[in-house]
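Reader: I am new to this structure and would be glad of a close look at a single part of it. Could you take me through that part slowly, joining the pieces as you go?

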Amino acid sequence: MTTLLDVDNLWVRFPNRTGVFDAVRGVSFSLGRERLGIVGESGSGKSLTGRAILRLIRSPGIVEAGHINLHGENLLEKSEAQMRKVRGEKISMVMQDPKFSLNPVMTVGDQIIEAYRLHAKASKAEAYKKSVEMLEAVSIRDADRVMKAYPHEMSGGMGQRIMIAMMLIPNPEILIADEPTSALDVSVQGQVLSIMDKLVKERGMGLIFISHDLNLVSQFCDRVLIMYAGRIVEVCEADKLHEAKHPYTQGLLGSLPRFDAPRDRLQVLTRDPAWREAPSVEARL
Amino acid sequence: MSDAISIQNLNVWFGEHHDLFQAVKNASLTVATGASFGLVGESGSGKSTILRALTGLAPQWEGQMSINGTDLTHKRDKQFYKTVQMVFQDPYASLHPRQSVDQVLSETLHLHGFKDIDNRVNKLLLDVGLGPAFRFRYPHQLSGGQRQRIAIARALAAEPKILLLDEPTSALDVSVQAEILNLLCDLRAEHGLTYLMVSHDLAVVAHMCERAAVMRNGEIVEIIEVADMRAGKTTHDYTAQLLHASANRVA
Ligand SMILES: Nc1ncnc2c1ncn2[C@@H]1O[C@H](COP(=O)(O)OP(=O)(O)O)[C@@H](O)[C@H]1O
Ligand SMILES: Nc1ncnc2c1ncn2[C@@H]1O[C@H](COP(=O)(O)OP(=O)(O)O)[C@@H](O)[C@H]1O
Ligand SMILES: [Mg+2]
Ligand SMILES: [Mg+2]
């Protein structure tokens, strides 16, 4: 598989009064035209890893890495202006909560049109037409009505689909989706996932799918990285996640109540201090 | 013996008279003493509203609700809250940031008229699996799971017989969820509690409850034994759809 992105020895650090907190500690992985899942408990460094790729870590946070190569070009060596272009054209990110990402005082239509015209020279009428097409591409049926609506008038599922529509405008090669379906009902989750799935299959996009939901990732992704305390403890084929070897991954799976296999008591995770100390597992293709 | 909870033909509305929204429509269910009953369905289907109507947080209702055989009126007295307590989804929002664990629990105990507060605070902390070391901590010094344990301790302070649990583990990591669900099972056995529990996660409800009501658009479409749910023996199409969607998350 062609490698789109290669992340080498990535660290994210936050200096504080008592020293430095290392939130991401030397992770290395690559991404092809695939669905790559990142799972782990809250605080394990999933979101920071995604944001660091786009250089969206705010000061005083520090990002260090051997390289973050997009088609062999190191993003760490780019100017802020060049990075804006990367974010606008090459790599898009969908954040967890669409309500925080959309502008509350602007109609959905105006926001999509603005995003489109930032990217392509187009008349207002053309941009409108294109925007309606984008909304239809993410299975929004009454697109004309949605164009006139404000974000607060949209349900969570609609908001999340609108965010994805906006991210698709530049036709990115890579989409980083941070818990894109966690706030959605299972019925809507399926719709949002199939939209992303189509993009990977039809446009050859690379997808980084960040989630705390092990079952979902094992059903949806191709490959999975399991993060613990800022490191990768295990990599596996998504459909083999249930055969995972690391006691942390096994512990997470064991703690889930199972609909198909009732248990009297749920397994409780006993954390081994050695898990934090073991070097990060390399997750290259 | 009468049921712990009985709800007959409950209707609940929100909003003003010219702009009323009916969130619960003609819902009926009963929960036997000592049983654990689940409410499932999509978000917005009216699950939380049923719990809120019971606790008096949704004042516009019609129908019959009774607790241990006593009909509820539109006012809840002190005795009600000694019997029925509620635990909410978000342990971050449900504790006051400037109140220490000791203050939260002492004040609640005081409110319920207990005298031996010092002993009881320690006992409550032990009940929820936290030692006395946590007594003088503030919410920001606690993890999400520890906060939810405090919220449960606060609900237990009144020595209630019935707990209304509104997605008590939805905001927590699965490893922490396992600890809290185990704790809730232990507490139910030790104190003979009755649970009415809302969750969007069918596996959680199946693990915790013997029976469940499936809600859609404010209506209860089916009340089903969990054993039948696991066996796929549903009587309503919507329940079958819900089961299918949660087993096959990727459409
Ligand atoms: N701006 C920040 N300053 C200090 N610590 C942070 C900051 N942002 C995140 N962290 C910490 O870094 C760790 C990893 O965070 P994050 O990547 O958001 O975790 P996840 O997405 O896996 O839940 C957490 O312990 C979090 O508290
Ligand atoms: N305080 C309120 N004011 C107006 N509408 C409300 C209020 N609380 C809930 N609702 C509405 O009632 C319906 C049922 O809500 P809820 O019981 O919270 O659903 P669930 O818990 O099943 O997700 C939803 O449409 C919701 O928007
Ligand atoms: Mg995150
Ligand atoms: Mg609710």
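**A helix, a sheet and a ligand in chain B**

In this model, which is predicted, helix H1 of chain B, residues 47–55, lies across S1, S2 and strand S4 (61–67) of that chain, and the helix runs at about 105° to S1(B). The strands it crosses belong to an open sheet of 4 strands in chain B, whose order is S2-S1-S4-S5 and whose pairing is antiparallel. At the edges of this sheet stand strand S2 (21–31) and strand S5 (70–71) of chain B, each of which pairs on one side only. Strand S1 of chain B, residues 5–14, is joined to S2(B) by 7 bridges in the antiparallel sense, and within this pairing Ile7(B) has Leu29(B), a residue of S2(B), as its bridge partner.

A polar backbone atom of Gly46(B) is 3.0 Å from an oxygen atom of ligand 2, while Lys47(B) places a polar side-chain atom 2.9 Å from an oxygen atom of the ligand. For Ser48(B), an N or O atom in the side chain is 2.7 Å from an oxygen atom of ligand 2. Taken alone, ligand 2 exposes 560 Å², and 59% of that is buried by the protein.

The shell around ligand 1 divides into 4 nonpolar, 5 polar and 2 charged residues. In chain A, a backbone N or O atom of Gly45(A) lies 3.0 Å from an oxygen atom of ligand 1, a polar side-chain atom of Lys46(A) lies 2.9 Å from an oxygen atom of ligand 1, and an N or O atom in the side chain of Ser47(A) is 2.8 Å from an oxygen atom of the ligand. Ligand 1 taken alone exposes 570 Å², of which the protein buries 59%.

Methods. Residues are numbered from 1 along each chain as its sequence is written. Chains are lettered from A and ligands numbered from 1 in the order in which they are written. This is a predicted model: local features need pLDDT of at least 70, side-chain atom pairs count only at pLDDT 80 or more; totals for chains, interfaces and linings use all residues. Side-chain values use heavy atoms; hydrogens and water are left out. A polar contact is a pair of N or O atoms within 3.5 Å; within protein, one must be able to donate a hydrogen and the other to accept it, and residues adjacent in sequence count only if both atoms are side-chain atoms. Accessible areas come from the Shrake-Rupley method with a 1.4 Å probe; for residues, only the protein chains shown count as cover. Ala, Val, Leu, Ile, Met, Phe, Trp, Tyr, Cys and Pro count as nonpolar, Asp, Glu, Lys and Arg as charged, and the others, Gly among them, as polar. Two strands pair if DSSP finds at least two bridges between them. Helices (H or I, at least four residues) and strands (E, at least two) are DSSP runs, numbered from the N terminus. Contact means heavy atoms within 4.5 Å. Axes are lines fitted to C-alpha atoms, for helices over the stretch in contact, and angles run from 0 to 180 degrees between N-to-C directions.
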